[in-house]
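Let's take a walk through this structure together. Have the sequence and the 3D view at hand, and we will go from one feature to the next.

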Amino acid sequence: MNTEKTVPMASAPQRTHHRQSVEIRRLSMAAMLGAVAFALMYFNFSIPIISLFAQFDLSALPELLGGFILGPVGAVLIVVVKITLILVFKGTTSMFTGEVQNFLLSMAYVLPAVFYYRRHRTKKGAGIGLLLGSLCSIVVAVFTNLYLIFPAYIYLSTGQLNWDNIIAMCHDVNPWIKDIPTFAAFSVVPFNIVSRTLTSVLAFITYKKISVPLKKLIQ
């Protein structure tokens, strides 16, 4: 006599409803993590000897953790929510160049890490992904600062600022900065190395502990 219990199959409408419910929970989590990233921007500090123009914060941490859980689309949504909240509640003090840079560097940092980790879901894969993201972010930071963000800011300042002013201000706190190449070498690169290293270490340490309860919320 067959005593096995038959588990009823979910109907098509039930499966559709479940998928929609999961998507809503994923969107809600992306929005929540974006809000956390925004809140973390209030806890920041500067490193004047390295950079007069950038401040370190941990807003990239929820972007990374969320990206590992939700995938690249989720990571983009988290960053978009963060930038939107910045503009709504804080406005811009950099004629939008800072917000553009924030978005570009977040994408350059988070997406390579997320894409690599999704193909190699191990501790080693996470570590390599974080290293790749950090390297990509540093390269993009150099390129965008020298050829996009600072030139745009100088242009929008309508003559009030130029590269000579910027280099002079940086030279006052760091005598090694004497021109644009040394600005990149002794300001942009070390700041991003410090920022990405600290964030990556925290992400590596906390991901497993944080991901378990977060994943349960979207299942």
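The largest pocket holds about 1,100 Å³ of space, in what is a predicted model. Its lining is made up of 36 residues, and those nearest the centre are Phe-53, Ala-54, Gln-55, Gly-98 and Asn-102. Two or more lining residues come from each of β2 (51-56), α2 (60-89), α3 (97-119), α4 (123-156) and α6.

Strand β1 (residues 45-47) pairs with β2 in the antiparallel sense, over 3 bridges. The two strands are joined by a hairpin through 3 residues. Across the pair, Phe-45 stands opposite Phe-56 in β2.

Next, look at the loop between α2 and α3, where you will find Met-95 and Phe-96. Met-95 has a phi near 55°, a positive value in a residue other than glycine. Phe-96 is not a glycine either, yet its phi is positive too, at about 75°. How exposed is Met-95? Its relative accessibility is 35%, so Met-95 counts as partly exposed, the range for that class lying between 20% and 50%.

Finally, turn to helix α6 (residues 180-218), which has 39 residues. Its end C-alpha atoms are only 47 Å apart, whereas a straight helix would reach 57 Å at 1.5 Å a residue.

Conventions:
Residues are numbered from 1 along each chain as its sequence is written. This is a predicted model: local features need pLDDT of at least 70, side-chain atom pairs count only at pLDDT 80 or more; totals for chains, interfaces and linings use all residues. Side-chain values use heavy atoms; hydrogens and water are left out. Helices (H or I, at least four residues) and strands (E, at least two) are DSSP runs, numbered from the N terminus. The expected span of a helix is 1.5 Å times one less than its number of residues. On a 1 Å grid over the protein atoms alone, a cavity is a set of points where a 1.4 Å probe fits but cannot get out, and a pocket is an open set with protein on both sides within 12 Å along at least five of seven lines; lining residues have an atom within 4 Å of a point. Grid points are joined across faces, edges and corners, and a volume is the space filled by probe spheres set on the points. Two strands pair if DSSP finds at least two bridges between them. Buried means under 20% relative accessible area, exposed over 50%, partly exposed in between (1.4 Å probe, protein chains only).
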